[in-house]
Amino acid sequence: MSLFRKRNHYFSLTDVLSSQERVPITFQVAVGYLGELDASAEGNILAAGTTLELPYWLVTSLYQEDGVGIDLPKQYKQAWRDILAADAKVVNLQRLCKYFYEFGKLVSLIRVRDHQDIIDLLIQTLVDRHRELTNWAVHAIKQENEFFEKLDDIEQELSRRATSAELNLSNWLQSDCGQIRKAEMVQAHDRLVSSSRTFNT
């Protein structure tokens with residue numbers, strides 16, 4: 001999972017898809033040769049004050065130019081931060097933003113307003129939802145998929161891994177694998193220690 005990497009991985013499908021999420025951007029000056037980005041633009045010029053929602057990968061390039069401002073995507077604005085802070089467990093992240101954590105990490109990297117609040121939000125949201133994720137993963141076989149469908153992409157991957165680990169552990173505990181014995185190397189070491197003590201006495 002790329003959430004823990006600072007930059008996107010070129011061959012990661014999740015990274016590619018999360019960078020397609022849209023970010024509000026405002027052109028504070030008239031810009032030529034970009035009129036095709038706005039269907040209502042006259043000619044090939046974007047007028048000053050034009051606001052568009054563009055993919056993250058394009059916004060990062062445009063934001064390096066003077067006269068371009070970026071607003072927070074709605075899922076990271078104060079209203080949603082308050083909702084997630086109140087009770088993150090009940091929020092359907094899949095509907096809010098399929099790549100909530102990954103996209104949030106990308107948004108925080110371009111140093112938009114409140115970028116530190118976004119970082120804190122991502123961490124606290126995952127912490128608050130962790131107990132529910134763990135409980136669902138342990139009992140996933142007995143439960144419906146309704147909860148799973150409300151999870152963001154990274155949460156789904158964590159749940160799949162946890163469920164697989166729980167199933168493997170359960171199968172191992174129920175299997176008749178005989179008595180656990182010491183490895184030959186350990187037995188040889190024990191014999192060596194035992195003979196050494198006998199010799200010294």
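F103 is buried, with a relative accessible area of 0%, where buried means under 20% relative accessible area, exposed over 50% and partly exposed in between, for a 1.4 Å probe and protein chains only. The model is predicted, so local features need pLDDT of at least 70 and side-chain atom pairs count only at pLDDT 80 or more, while totals for chains, interfaces and linings use all residues. Residues are numbered from 1 along each chain as its sequence is written, and side-chain values use heavy atoms, with hydrogens and water left out.

Aromatic pairs

- A search of the whole structure finds three aromatic pairs, counted when the ring centres of Phe, Tyr or Trp (its six-membered ring) lie within 6.5 Å, with planes under 30 degrees apart called stacked, over 60 edge-to-face and the rest tilted.
- One of them is the tilted pair of Y76 and F103, at 5.8 Å centre to centre and 55 degrees between the planes.
- Because Y76 lies in the loop between β5 (68-70) and α3 (78-87) and F103 in helix α5 (residues 100-109), this pair ties together parts that are 27 residues apart in sequence; helices (H or I, at least four residues) and strands (E, at least two) are DSSP runs numbered from the N terminus.
- Y76 is also buried, with a relative accessible area of 0%.
- F100 and Y101 form an edge-to-face pair, 5.3 Å centre to centre with 80 degrees between the planes, and both residues are buried.
- Y76, F100, Y101 and F103 form one aromatic cluster.

Helix α5

- Nine of the ten residues of α5 are buried, so the helix is largely enclosed by the rest of the structure.
- Just after α5, R111 takes a positive phi of about 60 degrees.
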